[in-house]
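Good morning, and thank you for coming.

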Amino acid sequence: MADHTEHPEHSHLSDTDLRVRALESLLTEKGLVDGEALNAIVDTYENKVGPRNGARVVARAWVDSEYRAWLLRDGTAAIDSLGYASTQGADIVVLENTAEVHNMTVCTLCSCYPWPVLGLPPALYKSFPYRSRAVKDPRGVLREFGQDIPEDVEVRVWDSTSEVRYLVLPERPAGTEGLDEEALAELVTRNSMIGTDRLKGNNG
Amino acid sequence: MDGVHDMGGMDGFGPIPIEEDEPVFHAPWEGRVWAMNMALAALGKWNIDAGRNIMEQMDPVRYLSSSYYQRWLYRTEDILVERGMVGREEIETPPEQRKLEKLADPLSHEEIVTRQRAGKSARLDEDIPAQFKAGDQVRARNIHSRGHIRLPRYARGKAGVIDRDYGVFIFPDTHAVFAGTKPQHLYSVRFAARELWGEEASARDKVYLDMWDDYLEAC
C-alpha cells in the first residue's frame, strides 16, 4: 500500500541526502565533528545498543526474584549492574505487567525512549498515529497490534514527559519453566517492553 | 507553546505503521544526522531541553510533512545558527563556494562518550522541599506558555493523584532558554482515563504523566 504520510523521505530522499552531506562537510571543515567519531556513533546504535539489552534485563528478572525486586525498586541501578548504562537512560523506571495490569509507554510530545535498554525508537513509536492515540485510546491501539486486552485488566499508559524513562517488564509466558535465562531472553520482543505486545507461551 | 508537537489525544493520523525486522536507520543519511547530533550535543553549547524547544518552533507544516530524522536535520541546522556556531548563509552556500576557518579540533568518539556519561542525568543533588507527597490530590495547572513546556494540553486543568515522588530534577521550561535549572520535585501523577477523555474511556484505565511542582496545584 502506498502511504506517503509514513515515509515522506522516500519522495525527496536525494534532497535530504545532499543536505546532510553538505552539513557534515561544513561541520567537518569547521572542526565541529569528525567523520571517524560519527562512524563509531552509528556503529554503536546499529550494533551495540538495542532491545537485546532490555531482553536480558527481563530474562534476569524472570529467573532471579531478588533481581526482579531490585529492578522494580530501583530500575536505574539494577540495569546499570548489567552494564547497560549510557546517555538518555539516566533514570529508568520499570513497570511490571501482571494478570491484572497492562502497562504501555509513549512520548506524546516527542519520542523519548529508554535507549540503553531498547536502542533508538522504532517507526511505530515515533509515528504521529501512536503519539496521538496511545493516551486516548490505548485499547484501540493495542488491538492494532493484535492484543485484545480483557475489560477486567487495567491499562496504564505512561507518557514520558520528563527525563525519566520507562521500560515494561512483560509477564513470563506460560510453559517456559524449563528454559534457561538465555533462551528466555530470546522470547522477549521489543514491543513487549514498550507495552504494545504481550508474550504468548509455548502452550498458546 | 501550543504547537503541533503536542499530539496527545489528536485524531486523524491513521493506522500505526508496524514494521517487521525494522533497520535502526532506514537510509545512511539518517545515521549521519543522528551521529552529528550526538557529537554536537557533547560540545555543551546547548542542552536537551533547548534542543526540544527549537524543534517545537519548527513551522507546523514542515514538522508534519517531515520524517523523524528530517526533523532532526532541520533542528540541528536551526540550533547551530541559534547558538552562533554556524551561519545560515554557510548552510545554504554550496561546499565548493565556501571558504571556512577551522574553529576547533573535533571531539573524538571516546571524549563524546565520556561527556555523555558525565552529564547524563537531569536529576539534581539539591535539598529542595517537595510541595506534594504520594497520595495527594492535585490538579495540573492550566498553563498556555508561549515558551517550552512539558505539560501536554490534554492534561491541563485535570485532576489527578501523586503516584510517586521521583526527587529533584532540572525544570525544562527555564533550562530550555538557558535561564537556569530551577530545581524542583518531579512526580509521577496518575489520572483516571475518564478524567482526561470522558465517559467513552474505560473506567478502569489510567494515564500517568511526569510533572514538576510548577505544573501542579493542590485540589
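Strand 2 of chain B and strand 3 (residues 184-192) of chain B run antiparallel and are joined by seven bridges. This is a predicted model, in which local features need pLDDT of at least 70, side-chain atom pairs count only at pLDDT 80 or more, and totals for chains, interfaces and linings use all residues. Residues are numbered from 1 along each chain as its sequence is written, while chains are lettered from A and ligands numbered from 1 in the order in which they are written.

Let me settle some terms. Helices (H or I, at least four residues) and strands (E, at least two) are DSSP runs, numbered from the N terminus. Two strands pair if DSSP finds at least two bridges between them.

With that in place, we return to the pair I named. Which residue in strand 3 of chain B is the bridge partner of B:Val168? The partner is B:His185. On to the next pair: strand 2 (residues 159-169) of chain B is also joined to strand 1 (residues 137-140) of chain B, by three bridges, and these two run antiparallel. Here B:Arg139 has B:Ala159 in strand 2 of chain B as its bridge partner.

Chain A takes part as well. Its strand 2 pairs with strand 3 (residues 154-159) of chain A in the parallel sense, over six bridges. Within this pair, A:Met104 is partnered by A:Val157 in strand 3 of chain A. Strand 3 of chain A is in turn joined by four bridges to strand 4 (residues 206-212) of chain B, and the two run parallel. In that pairing, A:Trp158 has B:Tyr208 in strand 4 of chain B as its bridge partner.

What order do the strands take in the open sheet? There are seven strands, in the order 2(A)-3(A)-4(B)-3(B)-2(B)-1(B)-5(B), and the pairing is mixed. Strand 2 (101-106) of chain A and strand 5 (216-218) of chain B stand at the edges with a single partner strand each, so one side of each is left without a neighbour in the sheet. On average, neighbouring strands of this sheet are turned by 35 degrees against each other, direction ignored. In general, strands of a sheet pair through backbone hydrogen bonds, either parallel or antiparallel.

**The contact between the chains**

Two residues are in contact if their C-beta atoms, placed from the backbone, lie within 7 Å. By that rule, the contact takes 66 residues from chain A and 71 residues from chain B. Several elements give two or more residues to the side of chain A that touches chain B, among them helix 2 (35-48), helix 9 (138-144) and strand 3 of chain A. Helix 1 of chain A gives the most to this side, with 12 residues. By class, the side of chain A that touches chain B has 33 nonpolar, 14 polar and 19 charged residues. For these classes, Ala, Val, Leu, Ile, Met, Phe, Trp, Tyr, Cys and Pro count as nonpolar, Asp, Glu, Lys and Arg as charged, and the others, Gly among them, as polar.

**Chain B and its helices**

Chain B has eight helices and five strands. Its C-alpha atoms fill a box of roughly 60 × 45 × 35 Å, taken along the principal axes. An automatic or database domain assignment supplies the domain bounds. Chain B is divided into domain 1 (28-118) and domain 2 (137-218), and the C-alpha centres of these two domains lie 29 Å apart. Six residues of domain 1 of chain B are in contact with six residues of domain 2 of chain B.

Finally, one pair of helices. For the geometry, axes are lines fitted to C-alpha atoms, for helices over the stretch in contact, and angles run from 0 to 180 degrees between N-to-C directions. The axes of helix 2 (residues 48-56) of chain B and helix 4 (residues 68-82) of chain B come within 9 Å and cross at roughly 110 degrees. These two helices of chain B are therefore roughly perpendicular to each other. Angles under 35 degrees count as roughly parallel, over 145 as roughly antiparallel, 65 to 115 as roughly perpendicular and the rest as oblique. Where they meet, B:Gly51, B:Ile54 and B:Met55 in helix 2 of chain B touch residues of helix 4 of chain B, including B:Arg71 and B:Ile79.
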